[in-house]
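Student: Please take one part of this model and look at it closely. I would like to know how it faces its surroundings and what lies around it.

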Amino acid sequence: MNIQIHPAQPQDAASIHHFITELAIYERAEHEVKASVADIEATLFGPDAKAQALLCHVDGQLAGFAVYFFSYSTWLGKNGLYLEDLYVTPQIRGAGAGKALLRHLAQLACEQNCGRFEWSVLDWNQPAIDFYQSIGAAPQSEWVRYRLAGADLRHFAYGEDAATA
């Protein structure tokens with residue numbers, strides 16, 4: 001198998017959007033995808049982009065993607081690399097594309113002197129959990145992730161009136 005990984009380009013936005021949708025279907029959350037191809041173009045390739053993407057090809061066939069950004073650890077005094085999404089299309093799984101994407105990101109984290117490389121996984125996704133543990137990743141079970149989004153975020157940020165705005 002010939003696996004190639006390269007930074008995504010603006011013309012790849014539709015492919016990335018397609019993979020995002022496939023990932024959401026796999027995660028039983030297709031209804032939560034609000035991003036359009038134009039949103040992907042603007043947020044990954046626009047002048048204010050905070051995240052970056054990689055594409056993976058296996059034997060010349062587009063196989064998957066990863067989206068990541070740099071975080072910061074006050075305790076380490078270093079940046080970290082946070083993997084937002086990693087996805088390999090089902091037809092290609094088992095060929096090493098996922099591991100190659102993770103290794104590429106780990107190398108990038110090392111090259112950028114990051115203190116850590118982190119990501120989240122759904123607690124029911126046992127194949128992913130097993131895979132991550134097989135490469136030496138350890139769950140951080142003492143942390144509970146919280147989220148404010150949508151109307152709740154606006155309500156907290158701006159007060160009572162924002163929920164109706």
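Tutor: A residue counts as buried under 20% relative accessible area, as exposed over 50%, and as partly exposed in between. The model is predicted, and the part to examine is helix H3, residues 97-111.

H3 has 15 residues and spans 21 Å from its first C-alpha to its last, close to the 21 Å expected at 1.5 Å a residue. Its buried residues are Ala 97, Gly 98, Leu 101, Leu 102, Leu 105, Leu 108 and Ala 109. They lie on the same side of H3 because the arc they cover around the axis is only 135°. Just after the helix, Asn 113 has a positive phi of about 60°.

The packing partners of the buried residues in H3 are strands S1 (3-7) and S2 (52-58), together with S3, S4, S5 and H4. Several of these elements can be followed further.

In strand S3 sits Phe 70, which is partly exposed because its relative accessibility is 32%. Leaving out residues up to four places away in sequence, Phe 70 touches Leu 108, and also Gln 52, Gly 80, Leu 81, Gln 112 and Cys 114. Leu 108 is one of the buried residues of H3. By contrast, 23 Å separates the C-alpha atoms of Phe 70 and Ala 38, which are 32 residues apart along the chain.

Ring pairs join Phe 117, Trp 119, Phe 131 and Tyr 132 into a cluster. In total there are eight aromatic pairs in the structure. One of them is Tyr 26 with Trp 124, a tilted pair with 6.0 Å between centres and 50° between planes. This pair connects distant parts of the chain, 98 residues apart: Tyr 26 belongs to helix H1 (residues 13-26), and Trp 124 to the loop between strand S5 (116-119) and helix H4 (126-134). Tyr 26 is partly exposed, at a relative accessible area of 32%, and Trp 124 is also partly exposed, at 31%.

A further pair is Phe 69 with Tyr 82, with centres 5.3 Å apart and planes at 35°, so this pair is tilted as well. Phe 69 in strand S3 (residues 61-73) and Tyr 82 in strand S4 (residues 78-88) are 13 residues apart, and their pairing links distant parts of the chain. Phe 69 is partly exposed, with a relative accessible area of 28%, whereas Tyr 82 is buried because its relative accessibility is 14%.

Arg 28 lies over Trp 124, 3.9 Å from the ring centre, and Arg 93 lies over Tyr 26, 5.2 Å from the ring centre.

Finally, the record: UniProt, in an unreviewed entry, lists residues 3-158 as "domain: N-acetyltransferase". That span is 36% helix and 26% strand, and its end C-alpha atoms are 48 Å apart.

Definitions and conventions
Residues are numbered from 1 along each chain as its sequence is written. This is a predicted model: local features need pLDDT of at least 70, side-chain atom pairs count only at pLDDT 80 or more; totals for chains, interfaces and linings use all residues. Side-chain values use heavy atoms; hydrogens and water are left out. Rings of Phe, Tyr and Trp (its six-membered ring) pair if their centres lie within 6.5 Å; planes under 30 degrees apart count as stacked, over 60 as edge-to-face and the rest as tilted. Helices (H or I, at least four residues) and strands (E, at least two) are DSSP runs, numbered from the N terminus. Buried means under 20% relative accessible area, exposed over 50%, partly exposed in between (1.4 Å probe, protein chains only). A charge sits over a ring if NZ of Lys or CZ of Arg is within 6 Å of the ring centre and within 35 degrees of the ring normal. UniProt positions are given in the numbering used here, feature names are shortened, and annotations may be inferred rather than shown by experiment. The expected span of a helix is 1.5 Å times one less than its number of residues. The arc is that of the directions from the helix axis to the C-beta atoms. Contact means heavy atoms within 4.5 Å.
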